[in-house]
Each structure stands twice: as structure tokens, then as C-alpha cells.
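Welcome, and thanks for taking a look. Please open the sequence and the structure side by side before reading on.

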Amino acid sequence: MRHLMSPLDFSVDELDRLLDLADDIEKNPARYAHTCDGKKLATCFYEPSTRTRLSFEAAMLNLGGSVLGFSSADSSSAAKGESVSDTIRVISCYADICAMRHPKEGAPLVASQKSLIPVINAGDGGHQHPTQTLTDLLTIRSLKGTLGSLTIGLCGDLKFGRTVHSLINALIRYPDIRFVLISPEELRIPSYIREDVLAANNVPFTEVERLDEAMPQLDILYMTRVQKERFFNEEDYVRLKNYYILTKSMMELAKEDMLVLHPLPRVNEISVEVDDDPRAAYFRQAQYGVYVRMALILTLLEIDVSKPQTERNLPC
Ligand code: CP
């Protein structure tokens, strides 16, 4: 049984197969409509979410399965003090696979160690967000045709932005990737990414503060929200929250085929006037999130989609 805690849990070959499957799901959705008949996905979300939880639920419903779960710690027995380990043992009796989001780094990993079903890390604190990374990889591959030879600007809250940490870890495995890390001094990338991932793997990167100066060289601009919920005081958040605002006039500095990605939710960091620019790909990115989560569910449940329906999902 496999879990997904980090994008590095999959080899590059496995990732390629997963993205190929997601690609086929996008093109031939009807072929997959009953591949998870009789299966159940539990979504255990101890932190707020719109995209991740609902795209997981849409993914399982698209595959013919069912969903159950909770959307806040307050509406589960965590509010009475139940541990994640006990919760997952119980969920294992009710569902075939679980997607878990938790404010504490490592909580989904703890759950996976006691679980009888595959556990997917749907975001753990400021640490990792592997299914957002799968979404980002599928979006880039689908819209750019490649995951290599790209200059990628990561802009905003690089300190607390878990999507950025996961994406860097995943992209350094592809050839000729360069990063431009765009942030204010206080929100720079943590040293465990700068030193242990980028420098240790000789990945070219620069750290800059000005978005306008970085724009002309970028193939991808990955904007991020300042993570209010991870700040220790409101004052710092208020001072930094509007540090970057991508506007239509700033888009004039960018390449004609640059893509703007954002894991969403957006607050102020991309002006709504940019939404109509054909290079704005963040809503298409959210759609790719459904396809890739469908592919992930099939992969972790080890469902052989090449077999006829009658030979799949037999009761154990
Ligand atoms: N991208 C993302 O994780 O969005 P949600 O917080 O809405 O799930």
C-alpha cells in the first residue's frame, strides 16, 4: 500500500505515467466514469479548503465512487481531543482512501503510519502540498508541452508557501530548470530549501525583490498569497500582504507566451484585470487539479483501468 506525503514519493517515471493518465482522463472522461464504483474517499480537513477538498470530491465522484468526511477540526472529534492516529484507524473502517489536510507539519505522515488505507497529504502546515504540485506539473506540461528548459519565477510568500516548497522539490528533477525567487526579505525561501535542495543539487537560482525586473526573463510566473494564517502577528501580515500586485501594465513586461499560475485562493496579489489575459492560467490550473487527483486516486488504489469493469472492484 502506498501513501502520498511528498511529490518525491513518486519517481520521475511514475510521475510521467500519472500525468499521462491525467491527460487521458481529460481527453476521455467517459472511459473512467465507473472505475471507482463502490469505492469511498474520506476527506479529513482540519484546515479550510475550497479547491483541494472539492476537487478531490469531484475527482472521486467522476470516477463513480462516493465521498464522506469533515471540513473542519471543529466538526470532528478532534474538537474533543482525538488524535490523528486514532482518527485514521477509524476512517480506515469506513473508506478505501483518505485525503487529509492538517495545520501541523507531519500530521498526515503520522496518520499514514497507523492507516490501513492510502493516505494523501492534502497540505500540512507550511510544509508540503504534493497534490497542488501534481496539479502544477500537469498544468505546465499541458500548456507548455514540457517540464524542462524553463525559467520559473516564484513570487510572494516563499517562506510559508507550502506549494512553492513542494514545486521546487519536484521541478529540480527535470533538466535545465532555473528559478527566480521573488520575495521581500522577511518572506525569503527557507534555508532548508535554498541550501539543502537548490544549492545542494546545483540548481541555478537568483533571489530578488523586484517583480518588474524579473518579469522579462520568465517562462512561468507562479504567484502566491501571503499566508495570513501562518503569521505570528497581524501587524507583519498587514505590512506585507500587498507587497506584490500583478497588474495589466506589469504583464506588458512579460514574454508573449509566459504563463501566470497561482495555486489560489487569490487575495490582492493578482489584479482581476489580469484574468482576461490569455497568459493567465490559474483557473485552468484549478481544472487540471481534478484530472490529476482522479489519476492519483486510481494509482493509489491500484485500479487497473485496462481491465474490463467486471474484473475490477470485486468485493474482498
Ligand atoms: N490551492 C489550494 O490548496 O486551495 P484550497 O486551500 O482552497 O484547497
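This is a predicted model: local features need pLDDT of at least 70, side-chain atom pairs count only at pLDDT 80 or more; totals for chains, interfaces and linings use all residues.

## Helix α1 against α5

Let's begin with a pair of helices. Helix α1 covers residues 12–27 and helix α5 covers residues 130–144; their axes come within 10 Å and cross at roughly 70°. That angle makes α1 roughly perpendicular to α5. The crossing of α1 past α5 is right-handed.

Which residues make the contact? On the α1 side they are Leu15, Asp16, Leu18, Leu19, Asp20, Ala22 and Asp23, while α5 brings Leu134, Leu137, Leu138, Arg141 and Ser142. Sorted by class, the contact of α1 with α5 holds seven nonpolar residues, one polar and four charged.

## Helix α3 against α4

Helix α3 (residues 84–94) packs on helix α4 (residues 107–114) with the axes 8 Å apart and an angle of about 50°. At that angle, α3 is oblique to α4. Their crossing is right-handed.

From α3, Val84, Ser85, Ile88 and Arg89 meet Ala107, Val110, Ala111 and Lys114 of α4. Five nonpolar, one polar and two charged residues make up this contact of α3 with α4.

## Helix α6 against α7

The axes of α6 and helix α7 (residues 191–199) also come within 10 Å, crossing at roughly 10°. Such an angle makes α6 roughly parallel to α7. Here His165, Ile168 and Asn169 of α6 meet Tyr192, Ile193, Val197 and Leu198 of α7. The contact of α6 with α7 has five nonpolar and two polar residues, and no charged ones.

A probe the size of a water molecule, rolled over the atoms, shows where empty space is left. How many cavities of 30 Å³ or more does the structure hold? There are three of them, and the largest cavity has a volume of about 80 Å³. It is lined by 13 residues, and closest to its centre are Arg51, Gln132, Thr135, Pro263 and Ala286.

At least two lining residues of the largest cavity come from each of α2 (51–62), α5 and α11 (282–300). With five residues, α11 gives the most to this lining. By class, the lining of the largest cavity counts four nonpolar, seven polar and two charged residues.

## The largest pocket

Now for the open space: the largest pocket holds about 360 Å³. Of the 21 residues that line the largest pocket, Arg101, Arg162, Arg225, Leu264 and Pro265 lie nearest its centre. The lining of the largest pocket divides into four nonpolar, 10 polar and seven charged residues.

## Backbone details

Two spots along the backbone deserve a look. What kind of peptide bond joins Leu264 and Pro265? The bond is cis, with omega at about 5°. Leu264 and Pro265 are also among the residues nearest the centre of the largest pocket, and Pro265 sits in the loop between β9 (259–261) and α11.

Where is Asp176 found? Asp176 belongs to the loop between α6 and β6 (177–182).

Terms used
Residues are numbered from 1 along each chain as its sequence is written. Side-chain values use heavy atoms; hydrogens and water are left out. Axes are lines fitted to C-alpha atoms, for helices over the stretch in contact, and angles run from 0 to 180 degrees between N-to-C directions. Helices (H or I, at least four residues) and strands (E, at least two) are DSSP runs, numbered from the N terminus. Angles under 35 degrees count as roughly parallel, over 145 as roughly antiparallel, 65 to 115 as roughly perpendicular and the rest as oblique. A crossing is left-handed if the near helix is turned anticlockwise from the far one by less than a right angle, and right-handed if clockwise. Contact means heavy atoms within 4.5 Å. Ala, Val, Leu, Ile, Met, Phe, Trp, Tyr, Cys and Pro count as nonpolar, Asp, Glu, Lys and Arg as charged, and the others, Gly among them, as polar. On a 1 Å grid over the protein atoms alone, a cavity is a set of points where a 1.4 Å probe fits but cannot get out, and a pocket is an open set with protein on both sides within 12 Å along at least five of seven lines; lining residues have an atom within 4 Å of a point. Grid points are joined across faces, edges and corners, and a volume is the space filled by probe spheres set on the points.
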